[in-house]
Amino acid sequence: MTPSFSLRLPVVAAPMFLISGPELVLAACRAGIVGAFPTPNARPIEALDDWMKQITEGLAAAREAQPAATIGPWCANLVTHSSNTRLPQDLELIAKYKPPVVVTALGSPKPAIEVVHAYGGLVLADVISIGLAKKAVAAGADGLACVSAGAGGHTGFLSPFAFVGAIRDFFDGMVVVGGGISDGWGVAGAVAAGADLVYMGTRFIPTVESLAPEAYKQMVVEGTVDDLVVSAGVTGTPASWLKASLRANGLDPDNMPAAPSRQYDSSQSFAGKKWVDVWAAGQGLGSVRAVEPVATVVDRLATEYAQATRRLAGLPYGM
C-alpha cells in the first residue's frame, strides 16, 4: 500500500517512550520522514494538548515557509491497553488536532478507529505476532506496525523479513516494519521485502532534538549489541534494555526480577516509576557513531538508500 502522503524516504522516526517529543517530531517531518511520539510521554493531559499544538502549528509554519519542500506527516502513538484510563482524553485531542497517522499499541486498535477515520486519518496497529496482526486487521486497522526482533524498548521476536513475508500472505494494507534497522541499506532491504515504511528508533535516540539525557545519548553512541538484554522485569512486557543502565539502577541484567503486572496508565505521574531511569535501545546500536541533528541523520540515510537501490537495480541476478 503506497502511503498517501509525500516522503523523502520511507522512514518513520519511531515513537519512543520518554525520548520522542515535539522537537524530534518536527525535525523528522521537516527532514521529509514521518515524525512520531507516544502520547504517554506528555503528562499531564494539558502537556499533551500543548505538544500537539506545537507540532501542528510548527508544521503549518514549515509548509508556509517552504511550499515546495517535502514535509512529512506526524504520527501519534496511543496506548489502548485497558489500564490506560486517560485514553478517552487522548482521543479527544486526537480528534482536535487530527494527526494524519495514529499507531495503537499494547491493545486493540478498535478504540481509535472511529475517531481517526472520521477526519480521514490512518490507524496502524503495533503488533508482535501473526495472531495479533490478524486480530488488528479484523478490527479494522488500515495498517500494521510490525515490531520485530532487534527493536528497542518493547520488542518483538520474529525476523523482520519473516514477519513481513507472513503478513503479505493475507494483508495488502500498509505495513511498517522495525527491528534493528538503522541505515538506508536496511531500509531498502525492508522495502524490497514488502514493507511500505520502516520504523527506526535507536538511530534517533542520540540526536540533538531527542529528549534523551546526554548520558543516555552517549551510552547509545558507545554501545554495541552485546550491551543489550531483553527482559519483562521492568514494565511487565519484554523490552530491550541497556545493561549499563540497568546496573546503574540496581538491577542485575543476568538476574532480572519477575515481570510485574502491566500498568500503562498515562494519567499517572512519572514520579517514582523505576522505568523512567532505565534506558532502552535496539540492535541498531552498533551503527550509531555520534550525536547529530535529525537532518544530518536523514541526509545520510537518503545517501545510503540511494546507494542500495542503485545496487539492486544493477544486480545481474535473474537476467
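Student: Which residues does Y216 touch, not counting residues up to four places away in sequence?

Tutor: This is a predicted model. In it, Y216 touches I19, I205, L242, W279 and A280 once residues up to four places away in sequence are set aside.

Student: Which residues touch the most other members of the largest nonpolar core?

Tutor: A nonpolar core is a set of buried nonpolar residues joined through side-chain atoms within 4.5 Å. The largest one here has 58 residues, and L144, F204 and Y216 touch the most other members. Helix α10 (residues 294–314) supplies the largest share of this core, seven residues. Another core lies apart from it and has 27 residues, including L26, I55, L59 and L78.

Student: Why is strand β3 described as largely enclosed by the rest of the structure?

Tutor: Buried means under 20% relative accessible area. Six of the six residues of β3 (residues 74–79) are buried, so the strand is largely enclosed. Both faces are covered, with W74, A76 and L78 buried on one side and C75, N77 and V79 buried on the other.

Student: Which strand is joined to β3 by four bridges?

Tutor: Strand β2 (residues 34–38) is, and the two run parallel. In this pairing, G35 stands opposite W74 of β3.

Conventions. Residues are numbered from 1 along each chain as its sequence is written. This is a predicted model: local features need pLDDT of at least 70, side-chain atom pairs count only at pLDDT 80 or more; totals for chains, interfaces and linings use all residues. Side-chain values use heavy atoms; hydrogens and water are left out. Buried means under 20% relative accessible area, exposed over 50%, partly exposed in between (1.4 Å probe, protein chains only). Contact means heavy atoms within 4.5 Å. Two strands pair if DSSP finds at least two bridges between them.
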